[in-house]
Amino acid sequence: MARLDAIHRRGPIETSRDRFIVVALRDRPMHYVQCIFQPFDTAMLCEASSGAYGKPGFRLQAQSQAALRALQYAQADGGANFSRTVILGDPPDVGIAAELMLAALYDAYGAELDSAIAITAPRGGGAGCGTPTS
């Protein structure tokens with residue numbers, strides 16, 4: 001959540017440019033969720049990996065797809081990632097997006113309490129990898 005808060009504070013809120021975060025399981029990089037702030041930070045567009053844009057032959061199992069659908073992610077077609085818009089409110093509550101990202105990692109991609117994650121966030125500051133604490 002600290003990375004999302006840092007991205008929000010570092011603005012400019014009028015644009016989405018470089019205002020995103022990607023959270024992936026470090027040992028399974030095709031298992032990721034990425035979110036980008038929409039202008040004025042009242043919403044984020046989030047995508048969860050379907051395997052469509054990665055290593056040939058990688059596809060999510062049916063139970064992982066069902067878990068993403070349960071989190072209200074939708075897939076426009078089989079050649080796209082799962083996506084959803086997350087309403088953050090005004091003022092924005094970035095915790096909503098943080099919880100959704102972690103839920104996708106745990107429910108759809110099999111993350112566990114000791115799973116190491118890789119974080120990419122150009123405006124998020126801090127180190128690049130870690131172990132989730134929540």
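Strands β1 (residues 20-25) and β2 (residues 28-37) run antiparallel and are joined by 6 bridges. This is a predicted model, in which local features need pLDDT of at least 70, side-chain atom pairs count only at pLDDT 80 or more, and totals for chains, interfaces and linings use all residues. Residues are numbered from 1 along each chain as its sequence is written, and side-chain values use heavy atoms, with hydrogens and water left out.

**Strands and hairpins**

Helices (H or I, at least four residues) and strands (E, at least two) are DSSP runs, numbered from the N terminus. Two strands pair if DSSP finds at least two bridges between them. Phe-20 has Ile-36 of β2 as its bridge partner.

β2 also pairs with strand β3 (residues 43-48). That pair is antiparallel too, with 5 bridges. Here Gln-34 has Glu-47 of β3 as its bridge partner. The hairpin of β2 and β3 has 5 residues between the strands.

**The disulfide**

The structure holds 1 disulfide (a pair of cysteine sulfur atoms within 2.5 Å). Its partners are Cys-35 and Cys-46, with sulfur atoms 2.1 Å apart. Cys-35 sits in strand β2 and Cys-46 in strand β3, so the link ties together parts that are 11 residues apart in sequence. The link is right-handed, with 115 degrees about the S-S bond. Both Cys-35 and Cys-46 are buried. Buried means under 20% relative accessible area, exposed over 50%, and partly exposed in between (1.4 Å probe, protein chains only).

**Two buried strand residues**

Ala-24 belongs to strand β1. Its relative accessible area is 9%, so Ala-24 is buried. Contact means heavy atoms within 4.5 Å. Not counting residues up to four places away in sequence, Ala-24 touches Pro-29, His-31, Tyr-32, Ala-116, Ile-117 and Ala-118. Ala-24 and Leu-102 are 78 residues apart in sequence, yet 9.7 Å apart in space, C-alpha to C-alpha.

His-31 lies in strand β2. Is His-31 buried or exposed? His-31 counts as buried because its relative accessibility is 13%. Beyond four places in sequence, the residues that His-31 touches include Val-23, Phe-58, Leu-105 and Tyr-109.

Helix α2 spans residues 62-70, and its buried residues are Ser-64, Ala-67 and Leu-68. They cover an arc of only 100 degrees around the axis, so they lie on the same side of α2. The arc is that of the directions from the helix axis to the C-beta atoms. The face of α2 turned away from this buried side carries the exposed Ala-62, Gln-63 and Ala-70. What covers the buried residues of α2 includes β3, β5 (82-87) and α3.

A nonpolar core is a set of buried Ala, Val, Leu, Ile, Met, Phe, Trp, Tyr and Cys residues joined through side-chain atoms within 4.5 Å. The largest one has 38 residues. Within this core, Ile-21, Val-33, Leu-68, Tyr-73 and Tyr-109 touch the most other members. Among the elements that give two or more residues to this core are α1 (2-9), β1, β2 and β6. α3 gives the most, with 7 residues. Leaving aside neighbours within four places in sequence, the contacts of Leu-68 include Ala-48, Leu-60, Tyr-73, Phe-82 and Ala-104.

**Loops and backbone angles**

Most residues other than glycine have a negative phi, and most peptide bonds are trans.

| Residue | Phi |
|---|---|
| Phe-40 | near 75 degrees |
| Asp-41 | near 60 degrees |
| Gln-72 | about 70 degrees |

Asp-41 lies in the loop between β2 and β3. Asp-41 counts as buried because its relative accessibility is 0%. Gln-72 lies in the loop between α2 and β4 (74-75). Gln-72 is exposed, with a relative accessible area of 58%.

A cis peptide bond joins Asp-90 and Pro-91, with omega about 10 degrees. Pro-91 is in the loop between β5 and α3.

Ser-115 lies in the loop between α3 (95-107) and β6 (117-120). At 14% relative accessibility, Ser-115 counts as buried. The side chain of Ser-115 reaches the backbone nitrogen of Glu-112 at 2.8 Å.

Terms used
Polar contact = N/O pair within 3.5 Å; in protein donor to acceptor, adjacent residues only side chain to side chain.
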